[in-house]
Amino acid sequence: MSRANLDKDPHEVAAMFDGVAAGYDRANSFMTFGFDRRWRTATARVLDARPGEKVLDLAAGTGVSTSEYARGGAWCLAADFSFGMLTSGKHRGVPMVAADALHLPFADNSFDAATISFGIRNFVDTKAALTEIARVVRPGGRLVICEVSTPAFGPIRFLYRKFILRAMTLVGRLTSSNPAAYGYLAESMLTWPDQRTLAEMIASSGWSDVEWLNLTFGAVAIHRATKPAEKAP
Ligand SMILES: C[S@@+](CC[C@H](N)C(=O)[O-])C[C@H]1O[C@@H](n2cnc3c(N)ncnc32)[C@H](O)[C@@H]1O
């Protein structure tokens, strides 16, 4: 499988995640030095899913974040287009559905909130997915995205780009049977837009009140937005 193909073909992306699914959560925690847990907790806090709410966790992978969001009593659905990732998370006991972020199998205005953690940069068409998510979230509902981002402070940004991602690629090589997949993941981190650019993309895809919060010097950022209330006819 070539990385160039992965960039364009959703089937290749899904197949790649199928291939790394078994060891994914462990490798992820290892490569982020355990920081992933803090980022998920911070995302859960921003999402603030309440009892009685319906929450869509998109690109949920094994549902590792979904189970965290469900702890507060909300009904949280894990959706992902990799059967391998979903199957690896069966033990978590959260409802799961195979779905493509660009063609969601849900009615308009079905969810109180939608969230994506470390998945949006893999979407083939980011703006189309953000628009599709806006369709299935009710007016006044929330969007919360946790994703790798760009450290604001120059020297940290330099270290992050030059050394840490290379180290991650190396760790991926050592811990995974599919090093090309981890190379692709590291590359997708380097080419992903910064905080402001993503905020603008969200705002131009049917969302309002877009804000972001930097975590770990901006290596990761949480973006939050609201679907505008429907105007009276
Ligand atoms: C890096 S993993 C993140 C998984 C999980 N959210 C987490 O925080 O660990 C990215 C996930 O996005 C999924 N994904 C990528 N493109 C997708 C799409 N168009 N529709 C649904 N899932 C997608 C992949 O299958 C993969 O499970």
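Which helices each supply at least two residues of the shell around the ligand? They are α2, covering residues 10-20, and α5, covering residues 64-70. Keep in mind as you read on that this is a predicted model.

**Around the ligand**

Let us stay with the ligand for a moment. Its surroundings consist of 22 residues, and the closest are Ala59, Gly61, Ser82, Ala101 and Gly119. Helix α2 gives the largest share of this shell, with 4 residues. Sorted by class, the shell holds 13 nonpolar residues, 7 polar ones and 2 charged ones.

**The chain as a whole**

Now step back and look at the whole chain. You can find 10 helices and 7 strands in it. The radius of gyration is 17 Å, close to the 17 Å that the globule rule gives for 233 residues, so the chain is as compact as a globular protein of that length. If you follow the C-alpha trace along its principal axes, it spans about 55 × 40 × 35 Å. Of the 233 residues, 43% count as buried. What about contacts between parts of the chain that are separated in sequence? Take the contacts between residues at least 6 apart in sequence: 65% of these join residues at least 24 apart.

**The sheet**

An open sheet is built from 7 strands in the order β3-β2-β1-β4-β5-β7-β6, and its pairing is mixed. At the edges are β3 (96-98) and β6 (208-215), each of which pairs on one side only. From one strand to the next, the twist averages 20°. As a general point, side chains in a regular strand alternate between the two faces of the sheet.

| Strand pair | Sense | Bridges |
|---|---|---|
| β2 (75-80) and β3 | parallel | 3 bridges |
| β6 and β7 (220-226) | antiparallel | 6 bridges |

Asp80 stands opposite Ala98 in β3, while Leu213 stands opposite Ile222 in β7.

How many residues lie between β6 and β7 in their hairpin? There are 4, and Thr216 in the turn has a positive phi of about 45°.

Definitions and conventions. Residues numbered from 1 in each chain as written. Predicted model: local features only at pLDDT ≥ 70, side-chain atom pairs only at ≥ 80, totals over all residues. Near = placed C-beta within 6 Å. Nonpolar A, V, L, I, M, F, W, Y, C, P; charged D, E, K, R; others polar. Pairing = 2+ DSSP bridges. Axes fitted to C-alpha atoms, helices over the stretch in contact; angles between N-to-C directions. Rg over C-alpha atoms; globule rule 2.2 N^0.38 Å. Buried ≥ 20, exposed ≤ 12 C-beta atoms within 10 Å, placed from the backbone. Contact = placed C-beta atoms within 7 Å.
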